[in-house]
Structures are given as C-alpha cells and as structure tokens.
Amino acid sequence: MLNVFAKGDIKLINNYIKNNGIEIKNINGVLRLDSLNFDTNLSATIADAPLNLNAMVRNNLANMSFEIPTINPNFLIQDN
C-alpha cells in the first residue's frame, strides 16, 4: 500500500475541461492540499452559465456546495 501526502496550493487560471461532451471553461481558483485534507473555491462557466464551487474534505468527510443559477436544462439533454 502506498500513501501519498501533498501540501501546497494549485492555482487555476482560465483552465478548461471537457468530458462526455460537457465543457467547463474559464476555471479559476485555488486548490489547497494539506496531507489528506483539501479545500477549494472555484469559479467557471458551463454552457455560458456561471458556476461556483466550494468544497472541503476533512477526516474523509466532504462538504461541497455548487451553484449554477442560470443554466438551461436543455443543455444537459443530448441526442445519442
């Protein structure tokens, strides 16, 4: 078994992710790592709607909140 511990900050500036046809653009914020603990506060856009994500992991318990106040639900429906 290998245990990996990290400590430090990762700063994201205008990053981009695409997965299963869903694009998240303009990702900005900081990921804070301290051993097995994690904090983040990110902002981005998804389908031209603002996305805000706040997350924290402490002692293997996660507390996460995100909001996308103006997303069009039709964006999530895809024809296959």
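The model is predicted, and local features were considered only at pLDDT of at least 70, side-chain atom pairs only at pLDDT 80 or more, whereas totals for chains, interfaces and linings use all residues. Residues are numbered from 1 along each chain as its sequence is written, and side-chain values rest on heavy atoms, with hydrogens and water left out.

The protein chain contains zero helices and five strands, where helices (H or I, at least four residues) and strands (E, at least two) are DSSP runs numbered from the N terminus. The order of elements from the N terminus is accordingly β-β-β-β-β. The radius of gyration is 15 Å, well over the 12 Å that the globule rule gives for 80 residues, so the chain is more spread out than a compact globule; this radius is taken over C-alpha atoms, and the rule is 2.2 Å times the number of residues to the power 0.38. The C-alpha trace spans about 45 × 25 × 20 Å along its principal axes. The accessible surface amounts to about 6400 Å², with 53% belonging to carbon and sulfur atoms, as computed by the Shrake-Rupley method with a 1.4 Å probe, only the protein chains shown counting as cover for residues. Of the 80 residues, 15% are buried; buried denotes under 20% relative accessible area, exposed over 50%, and partly exposed the range in between (1.4 Å probe, protein chains only). Among contacts (heavy atoms within 4.5 Å) with a separation of 6 or more, 16% join residues 24 or more positions apart.

The five strands form an open sheet in the order S1-S2-S3-S4-S5, with antiparallel pairing; two strands are taken to pair if DSSP finds at least two bridges between them. Strand S1 (6-19) and strand S5 (61-67) are the edge strands, each pairing on one side only. Neighbouring strands are turned by 10 degrees against each other on average, direction ignored, the axes being lines fitted to C-alpha atoms (for helices over the stretch in contact) and angles running from 0 to 180 degrees between N-to-C directions. S1 and S2 run antiparallel and are joined by eleven bridges. In this pairing, Lys11 stands opposite Val30 in S2. Beyond four places in sequence, Val30 touches Asp9, Ile10, Lys11, Asp39, Thr40, Asn41 and Leu42. The C-alpha atoms of Val30 and Ser43, 13 residues apart along the chain, are separated by 9.7 Å.

The largest nonpolar core comprises eight residues, namely Leu12, Ile27, Leu31, Leu42, Ala44, Ile46, Leu51 and Leu53. Such a core is a set of buried Ala, Val, Leu, Ile, Met, Phe, Trp, Tyr and Cys residues joined through side-chain atoms within 4.5 Å. Two or more residues are given by each of strand S2 (22-35), strand S3 (37-46) and strand S4 (49-58), and the largest share, three residues, comes from S3. Leu31, a member of this core, touches Gly8, Asp9, Ile10, Leu12, Phe38, Asp39, Thr40 and Leu42, residues up to four places away in sequence not being counted.

Most residues other than glycine have a negative phi. Asn26, found in strand S2, has a positive phi near 55 degrees and is partly exposed, with a relative accessible area of 40%. Asp48, placed in the loop between S3 and S4, likewise has a positive phi, near 60 degrees, and is exposed, with a relative accessible area of 70%.
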